[in-house]
Amino acid sequence: ELHETKHCQSVLKVTTGTESVLYYLVDNKVSKDYHKNVCTAPKDNVSVTGVVGEKNGKHILEATKFQG
């Protein structure tokens with residue numbers, strides 16, 4: 001849906017009020033296992049636990065757990 005990368009990548013969009021932040025998920029086992037749930041269409045109300053960082057000017061998230 002975002003079409004920002006050449007390959008399929010999971011991205012978490014967090015919206016607070018009118019502001020949105022995109023977190024690109026690190027390609028680890030947890031995100032790979034969950035990817036099938038979001039590959040073909042966005043999914044609302046997902047809770048992700050993990051470690052947030054920054055790489056190449058983008059927010060990244062190394063997920064350790066998904067709910068929703």
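Let's start with a pair of side chains: serine 10 and histidine 35 are joined by a polar contact of 2.8 Å (a pair of N or O atoms within 3.5 Å, where, within protein, one must be able to donate a hydrogen and the other to accept it, and residues adjacent in sequence count only if both atoms are side-chain atoms). Bear in mind that this is a predicted model, where local features need pLDDT of at least 70, side-chain atom pairs count only at pLDDT 80 or more, and totals for chains, interfaces and linings use all residues. Residues are numbered from 1 along each chain as its sequence is written, and side-chain values use heavy atoms, with hydrogens and water left out.

So what surrounds serine 10, leaving aside its neighbours within four places in sequence? Serine 10 is in contact (heavy atoms within 4.5 Å) with Tyr23, Tyr24, Leu25, His35 and Val38. Serine 10 is also buried, at 12% relative accessible area (buried means under 20%, with a 1.4 Å probe and protein chains only).

Now zoom out. The chain has 1 helix and 4 strands, in the order β-β-α-β-β from the N terminus; these are DSSP runs, with helices (H or I) of at least four residues and strands (E) of at least two. Buried residues account for 18% of the 68 residues. As for contacts between residues at least 6 apart in sequence, 39% join residues at least 24 apart. The C-alpha atoms fill a box of roughly 30 × 25 × 25 Å, taken along the principal axes.

Terms used:
Buried means under 20% relative accessible area, exposed over 50%, partly exposed in between (1.4 Å probe, protein chains only).
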